[in-house]
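Dear colleague,

I am passing on the structure below for you to look through. My notes on what was found in it follow.

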Amino acid sequence: MVKESATVYASPAEAPTGFFSKVLKTIEIDSHDGARASNKDLDPVPMEMRTWNWWHFVSYWISDNFTPSGWRKASSLMAIGMSWKLALVNVAISDLIIGIVITINGYFGAKYRAPFTMQSRAAFGYYLSYLMIAMRCITGIFWLGISTYTGAECVRSMIYAIWPSFHNLKNTLPESANINTQFMVSYVVYFVSVLPLYYVPIHRIRFLFTIKAITTPIIGFGIMGWTIKNAGVGNNSLWSQGNTVEGSKLGWVFMSGVYANLGGWATLAINAPDFTRYATKPSATISMLWALPATATLIAFFGVVGAGGSKILYGEILWDPLLFIDNWTSKGGRAAAFFCALGFYVAQACSNISANSISAANDLNCFFPKYVNIRRGQFIVAFLGGWALTPWNILTSAASFLSFMSGYTIWLAPICGILVFDFFFVHKQKYNVWELYNKNGIYRYNKYGVNWRALVGFFVGWVPLLPGFIPTVNKKITVDPNMTKLYDLGYFYGFLAAGVVHTILSYFWPATETMLERAVYADDDLLIARDVEESGSFGERSNSDVEKRDL
């Protein structure tokens, strides 16, 4: 089955008369295709925009890991009972596992050149996919806001380094605002300064990741070297601390840490096609397998060294690198602190764009293709996450809501599992990319646009985890300890259970209309269009035309 090619003649239409209608007409996307509810950013990526090679995917992960949150990663694991050595092992194993998931799910994007929003239609059905897209969009906007707050902390450290008097800036905001004047200034500066980055197209923003991939490791090694020189690596309370729990309890603590680390990348595991679609070739994405765990473990190790050194140098363990460098108050120290904070600022901006901004913008692009492209979507989600969400209120007075969003993985893992199993086992990597854009096509499944097999798998993937999830939101509620243990295995269970159930149901009750003998790629259409243009003949393409291109 191939994309129908017919010339569409626009019928004359009356010019909009109302003010609102005129505004909507003005902001319409020029490339919008009403028949397919798509636009240029939603369509398969053309050849000239496939610019990401293996190094760009490596720099992408350096960008996402070399951040203040990546620096602090080992601290949360040590807080629940692990030694620093076991914490680093936990980080390495967790990120290797999620690296595998991200790479295999990203293979769809590298092959079909379409985003997650289109991929989800093949597995869930045309209309059910919108629910999954909405869930990812909410997550992206939320974490964009939280990450914007972290970016403002980087700016504050930069201002501290330039003007130490900023420490004493008078607060003019009420206590109920949950933010002071000093931090609000930093927040506004960060927010405004990163807005121009949203204007850069995805296939070109790779240069920013490359810059960061070079500068941030230098900063990390620099801080570690300075710490070792001034504090040494002798025994202290942190270096000598062993595991504070033992036996089976240590095993479950370890699994809890794995789940937490996997959950941190759960959104990106779904997002993967949004970036891999820009790969020069599918094999270029394989570099993500080692880049993610290697960089995550290295930055976590920097955090351990910095925290151990801060105990000796400043009398307290500082896991936050920004608090660490804020102690450099000499003239030369402030200069070093500024450049370190600048590096973390760039790191945080890149991470927020790659992990949250572009993914949520892609989702809005799918919901409103007539008016929103990726560029506009990024500006929209920036204001929604950065201001409408008021992340300073969430971080200071909405602990339950923050816990809820942190546990959102119980829904994201089943979605990812179904996407992966559907692509590799149900449809055996054979999709018709153009049918993904057809609301009445084969991936509609039925009149409701719902693939019931995926829906059942989705519920099987998250409902049993709900009892273990509830106490993380409300500490007053207690449940059977076995439910908590299942929750600690949540990503594994959700991913595998949902995927396996979906595959079994599809095996016994297959949607035969979606089972293709041969895949249809975007390049099939591009090559055929080129042949038609060169031959000077136009008309409908036959199935045999496509079958000649076994790409």
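S186 lies in helix α8 (residues 181–194), where helices are DSSP runs of H or I with at least four residues, numbered from the N terminus. Because its relative accessibility is 0%, S186 counts as buried, a word that stands for under 20% relative accessible area, with exposed over 50% and partly exposed in between (1.4 Å probe, protein chains only). Not counting residues up to four places away in sequence, S186 touches A152, V155, R156, I159 and F166, contact being heavy atoms within 4.5 Å.

This is a predicted model, in which local features need pLDDT of at least 70 and side-chain atom pairs count only at pLDDT 80 or more, while totals for chains, interfaces and linings use all residues. Residues are numbered from 1 along each chain as its sequence is written, and side-chain values use heavy atoms, leaving out hydrogens and water.

Leaving out residues up to four places away in sequence, the contacts of Y491 include I98, V101, Y259 and L262.

In helix α21 (residues 466–473), the buried residues are G468, F469 and P471. They lie on the same side of α21, because they cover an arc of only 160° around the axis, taken from the directions from the helix axis to the C-beta atoms.

Key
Helices (H or I, at least four residues) and strands (E, at least two) are DSSP runs, numbered from the N terminus.
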